[in-house]
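Subject: Structure handover

Hello,

Here is the structure you asked for. My notes follow below it.

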Amino acid sequence: MKGTVVVAVGGNAIIKNGQRGTLKEQSANVQKVCAAIVELVEKGYQVAVTHGNGPQVGNELIKNEAGKIVVPPYSLDVCGAETSGSIGYLLQQSLRNQLAAKKLDVNVVTVITECVVDKNDERFQHPTKPIGPFYSEDDKEWLEQEKGYVMVEDSGRGFRRVVPSPKPLDIVEKDTIRGLIKDGNLVICCGGGGIPVIRENGIYKGVEAVIDKDYASALLAKEIEADYLLLLTGVEKVAINFGRPDMKELDEITLKEADAYMAEGQFPAGSMGPKVDAARLFVEGNRKPATAIITLIDKMKEALEHETGTRIVK
């Protein structure tokens with residue numbers, strides 16, 4: 001084996017911008033995602049796949065809102081679990097079919113994953129993650145008064161609910177995931193960043209929050225001592241001075257260089273910042289030499305072969 005790779009796929013790779021999110025659209029997108037992942041298995045890598053669920057959980061909240069008169073709505077953590085299961089099913093089936101077509105004898109399994117967060121995390125007091133549908137100003141006032149939602153204006157399109165996005169501290173199923181990978185299985189886990197839970201007196205309880213998928217992926221990769229963390233995004237390489245005449249794409253940066261660029265504000269919080277920060281947390285926290293790579297989904301194989309992508313190393 002060439003090593004263990006954690007592949008972090010964004011929810012927008014499964015429902016692309018401008019799509020309605022029909023099952024046909026999602027299935028077609030998943031086929032392309034899985035074809036790139038199967039290439040890694042062919043090359044001899046052990047693979048764990050994590051994924052976002054932003055568009056999908058937003059759709060679930062719209063269904064909740066539309067159907068609340070007929071059926072009771074679910075809490076945000078349960079909506080996250082539902083979408084983790086449905087996306088996991090689509091990925092799992094496509095991966096299994098494509099692996100079989102290439103005569104690769106690899107089992108695929110989805111693990112609904114819980115991530116422990118700190119109930120005292122200051123991010124609970126400062127919700128920042130927009131979720132769900134857009135509302136009018138009248139609806140905004142009603143939701144704030146009747147449901148206690150925190151609402152913000154979003155890009156001139158209306159008002160959206162924002163929820164906390166606490167940092168993940170532990171992965172409840174990490175030992176199970178580690179064992180499955182060690183036994184040669186391809187594991188799909190940490191869907192949507194994992195289901196956020198708090199732990200009190202040994203008891204787990206879901207909370208209304210959304211965990212950043214890249215931070216959860218970095219934590220998972222560290223816990224299972226992966227060799228590589230692939231953070232997939234909409235560009236082939238990370239750049240400094242983005243959008244300026246002196247823009248420069250980065251092939252490889254050290255942790256020290258990453259820290260310096262972040263201090264300069266090169267990687268804004270709303271775009272590349274969380275990915276670079278998650279990458280450095282994985283590399284810094286790993287007990288053995290490890291590499292994080294940021295690149296396009298269809299460039300994963302080339303990135304692992306040092307042909308493209310931005311590599312973050314110690």
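Val70 is exposed, with a relative accessible area of 72%. (Exposed means over 50% relative accessible area, buried under 20%, and partly exposed in between, with a 1.4 Å probe and protein chains only.) Val70 sits in the loop between helix H2 (54-67) and helix H3 (76-101). Helices (H or I, at least four residues) and strands (E, at least two) are DSSP runs, numbered from the N terminus.

Please keep in mind that this is a predicted model: local features need pLDDT of at least 70, side-chain atom pairs count only at pLDDT 80 or more, and totals for chains, interfaces and linings use all residues. Residues are numbered from 1 along each chain as its sequence is written, and side-chain values use heavy atoms, with hydrogens and water left out.

Val70 also belongs to a surface patch. Together with Ile69 and Val71, Val70 makes a nonpolar patch of about 370 Å². Patch residues have over 30% relative accessible area and no salt bridge; nonpolar side chains (Val, Leu, Ile, Met, Phe, Trp, Tyr) are joined within 5 Å, like charges within 9 Å. A salt bridge here is a side-chain nitrogen of Lys or Arg within 4 Å of a carboxyl oxygen of Asp or Glu. Areas come from the Shrake-Rupley method with a 1.4 Å probe; for residues, only the protein chains shown count as cover.

Next, Gln56. This residue is in helix H2. Gln56 counts as buried, at 5% relative accessibility. Setting aside neighbours within four places in sequence, Gln56 is in contact (heavy atoms within 4.5 Å) with Gly11, Ile14, Ile15, Gln26, Thr83 and Ile87.

Then Asp170, in strand E8 (residues 170-171). Asp170 is buried, at 16% relative accessible area. The side chains of Asp170 and Lys174 make a polar contact of 2.9 Å. (That term means a pair of N or O atoms within 3.5 Å; within protein, one must be able to donate a hydrogen and the other to accept it, and residues adjacent in sequence count only if both atoms are side-chain atoms.) Beyond four places in sequence, the contacts of Asp170 include Arg199 and Glu223.

Last, strand E16 (residues 291-295). Five of its five residues are buried. Thr291, Ile293 and Thr295 point one way, Ala292 and Ile294 the other. E16 runs parallel to strand E12 (residues 228-232), with five bridges. Strands pair if DSSP finds at least two bridges between them. Tyr228 has Thr291 as its bridge partner. With strand E17 (residues 310-313), E16 pairs antiparallel over three bridges. There, Ala292 stands opposite Ile312.

Best wishes
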